[in-house]
Amino acid sequence: MHSKKNKKSFTLIEVVVVIGIMSVIVGGLMTAMKEIIDGEVLLKKMQQVEGESRFIMDLFSQDAQYSDIDPIYKPGSGATKISSYQIKFIIADKKSSVGSGSTDSYALYNSNGSGSDYYLKRELKNVSSTFSSVLNNVPLAEQPVFIVQKASTPDAAENFITTISLLFKVQTKSTELYVPIQTSVVSRTFEF
């Protein structure tokens, strides 16, 4: 007399159902991980924009504050938008040395790029050398905009308010964001 042992096993339908449920769970986890990674990449690029824009604004303010503006950018009255997407600051120690020809140092801001990506370039020139650098790694979506407005003091000194506007383009595989940054600087009257 043989005793039959009950063997427990899964049927094909049970196996298919378990595999289906596992696939849904793993798929959901993979999608969640992808979203987390995309968010991390976007956050890093936004931090890069913050660092680059802070650096650009500090440099721009430093160049603009104690400089004279090249005459071709000076408005007669009201505000002038620089259509060539560049501006030139004449840097001098004394008011008397501004406009004295080749001895002037200057900082020239302009942009270059192709397609829809633009990069802000700064060229610093003095008597002995010329140094140029590109100021952003995250591209700009539009050419930078410079606006110059004349501001006279009560004692008729001539100052200029210079505004720079930048529009950064932050891209990941699934997201595209535009980050506007703007600052204004008043060029101070020379004291010498």
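Reader: Which residue forms a salt bridge with aspartate 117?

Author: Lysine 169 does. One caveat before going on: this is a predicted model. In it, the closest N and O atoms of aspartate 117 and lysine 169 are 2.7 Å apart.

Reader: Where do aspartate 117 and lysine 169 sit in the chain?

Author: Aspartate 117 is in strand E5, and lysine 169 is in strand E8, which covers residues 158–171. The two are 52 residues apart, and the pair links distant parts of the chain.

Reader: Is lysine 169 buried or exposed?

Author: Buried, with a relative accessible area of 7%. Aspartate 117 counts as partly exposed, at 24% relative accessibility. The cut-off for buried is under 20%.

Reader: How many salt bridges are there by this rule?

Author: Six.

Reader: OK, another one. What does arginine 122 pair with?

Author: Its partner is aspartate 63; the side chains meet in a salt bridge at 2.7 Å, N to O.

Reader: Which residue does lysine 74 meet in a salt bridge?

Author: Aspartate 68, with an N to O distance of 3.3 Å. Lysine 74 is partly exposed, at a relative accessible area of 27%. Aspartate 68 has 17% and is buried, because the limit for that class is under 20%.

Reader: Switching topic. How many helices and strands does the chain have?

Author: One helix and nine strands. From the N terminus on, the order of elements is α-β-β-β-β-β-β-β-β-β.

Reader: What share of the residues is buried?

Author: Buried residues are 31% of the 192 in the chain.

Reader: And the surface, what does the accessible area come to?

Author: About 12700 Å² for the chain, with 57% of that belonging to carbon and sulfur atoms.

Reader: Last one, contacts. Of those between residues at least 6 apart in sequence, what fraction joins residues at least 24 apart?

Author: That fraction is 53% in this chain.

How values were computed:
Residues are numbered from 1 along each chain as its sequence is written. This is a predicted model: local features need pLDDT of at least 70, side-chain atom pairs count only at pLDDT 80 or more; totals for chains, interfaces and linings use all residues. Side-chain values use heavy atoms; hydrogens and water are left out. A salt bridge is a side-chain nitrogen of Lys or Arg within 4 Å of a carboxyl oxygen of Asp or Glu. Buried means under 20% relative accessible area, exposed over 50%, partly exposed in between (1.4 Å probe, protein chains only). Helices (H or I, at least four residues) and strands (E, at least two) are DSSP runs, numbered from the N terminus. Contact means heavy atoms within 4.5 Å. Accessible areas come from the Shrake-Rupley method with a 1.4 Å probe; for residues, only the protein chains shown count as cover.
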